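Q: I would like to learn how to read contacts and cores in a protein model. Where do we start?

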Amino acid sequence: MITIDALVGNAALGLRILEPGPPGALVEPVTWVHNTELPDPSPYIREKELVLTNGLWVDQVAPAEFVANVERAGAAGIVFGLRAERPRTPDGLAAACKEAGLPLLEISPAVPFTAISHAVSAMYADERQQGLIGMVRRGDALATALSRGMGASGVLRVLTRDRELPLAVVDRMGRLLAADGTELDAAQLQTVAAGLARRPPALELDLGSGRAALFPVGAVGDVDAALICLRPLAELNAAERDALEQAARFLSLEVARQQAVQAIEMRFAGELLEMVLSGGRRASEVAARLRAFGVDPTGALAVCTTAFTGDAATVHGMAEAVGEFFAAEGVPAVVAGGTNDVVAVLAWRDSEHELPALGERLVENVAKRFPGRRPVAGLGGVAAHAGDLRQPLLQSREACRVLRRTPGGPVVRGFRELGTHRLLLGLVDPDTLSAFSRDLLTPLREHDARRGSDLEPTLRAFLDNDGQWAATAAALHVHVNTLRNRLARVTELTGRDVGRTEDRVDLFLALAIDAMG
């Protein structure tokens, strides 16, 4: 780094400090040198340039005015060149520099200003050369770390060898991939994920404890993660920014590698489900495919299917989140993700009664990873071995499908726990179901809205009490005759007699479909 202090240390220049300026001014970086004799050179001086002058302006402006003009331009300091006609620095120049907070140096007549220009140029060239050498060496170290499988943590270790920077790598799902010299809590990770989701992504974020600089990491154009330095961009010097940008490019290679591996694993996992469902000749391949994923095909196996309620059943990163959950639980699993659901085939040694608790933990974990979404999990029971997987797989997916269509219902259920009518309704086209429910219930609702009556609540109470007149009347706090009159009106409006089993089933299903949304 070029500084006034470094130039003073060059004995060949013979520079003498007349005014050091405020503390630290002599070690501030100097961008270049500017030779001028103008009374007001401020339009031509760049910030942090060192001004060289012989004082030809002395007869036109006072030293204080010249210094004020130089200070206004943001110069790094002034070097006054003595000459035969002016063998000493003008009176008042040092005082004006002290007042303005500018360093003032003096150079003898024997040393031309070009010597300073050459010295600065040589220092700049050496600095650039050292920077390039450092970049090449750092690139070799980064490539070595990745080739040895050290991943994102290895990249951070290379960076922190030369610099004490608090660093972390976070992906766009808010997962911490590596950290060195800092810790990020859940709220900070979500803030980073939100910043990366912007278009364009944020380059600096307020993480509560301070501002952090983000260096995007992308494999094929998209931003998949960020290298984060827990310091504002303004506090990072050029060398630090160069190092972080270089590391982010190498991290892109690691992200691309991980994505390629995940894509292959997902394709193989998807093929496994096809093998299970197709049966026949391909069923014999299931055991080998399970073994490849570290799942014992000869032991008991369970199937868990996860999806979100609402329009999008799955989102990017959901399958990875499910896989990470089972890995953290120590449960060997094959996870396959698609547009309709995410299916996990698990090695299961515990009782089948323990599966719902695992499902609850899974749903809670996925919900935290994807705020604002409601995940559900369908369980298909336990198969004795790989050859019996087809039935649990079908049941798990069907249970999940039913749960998706019941927004206000449970989030985890096994196939056998769901009411038979729910499973049957899950097989029917949603538009057909909605039309059936609407045709039966609309007359009741319009009557209730117009007359202020309670026909629909009365019907619900009657069905909830298994058609028992006395129990329903007591629950509604009305006389049995009042109940009979209300239900008679229900029959008139719907064409369904609550006294007949067939009609009662229709009304029950209409209400159940309405509850499923």
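A: Start with the term contact: heavy atoms within 4.5 Å. This is a predicted model, in which local features need pLDDT of at least 70 and side-chain atom pairs count only at pLDDT 80 or more, while totals for chains, interfaces and linings use all residues. Residues are numbered from 1 along each chain as its sequence is written, and side-chain values use heavy atoms, with hydrogens and water left out.

Q: Which residues does Leu227 touch, not counting residues up to four places away in sequence?

A: Among them are Leu156, Leu159, Ala168, Phe215, Leu244 and Leu251.

Q: What is a nonpolar core?

A: A nonpolar core is a set of buried Ala, Val, Leu, Ile, Met, Phe, Trp, Tyr and Cys residues joined through side-chain atoms within 4.5 Å. Buried means under 20% relative accessible area, exposed over 50%, and partly exposed in between (1.4 Å probe, protein chains only). Here the largest core has 27 residues, and Leu159, Leu227 and Leu244 touch the most other members.

Q: Which element gives the largest share of this core?

A: That is α7, with seven residues. Helices (H or I, at least four residues) and strands (E, at least two) are DSSP runs, numbered from the N terminus. A second, separate core has 25 residues, including Val363 and Phe370.

Q: Which loop holds Lys48, and is this residue exposed or partly exposed?

A: Lys48 lies in the loop between β2 (32-35) and β3 (49-53). Its relative accessibility is 29%, so Lys48 counts as partly exposed. Lys48 is not a glycine, yet has a positive phi of about 70°.
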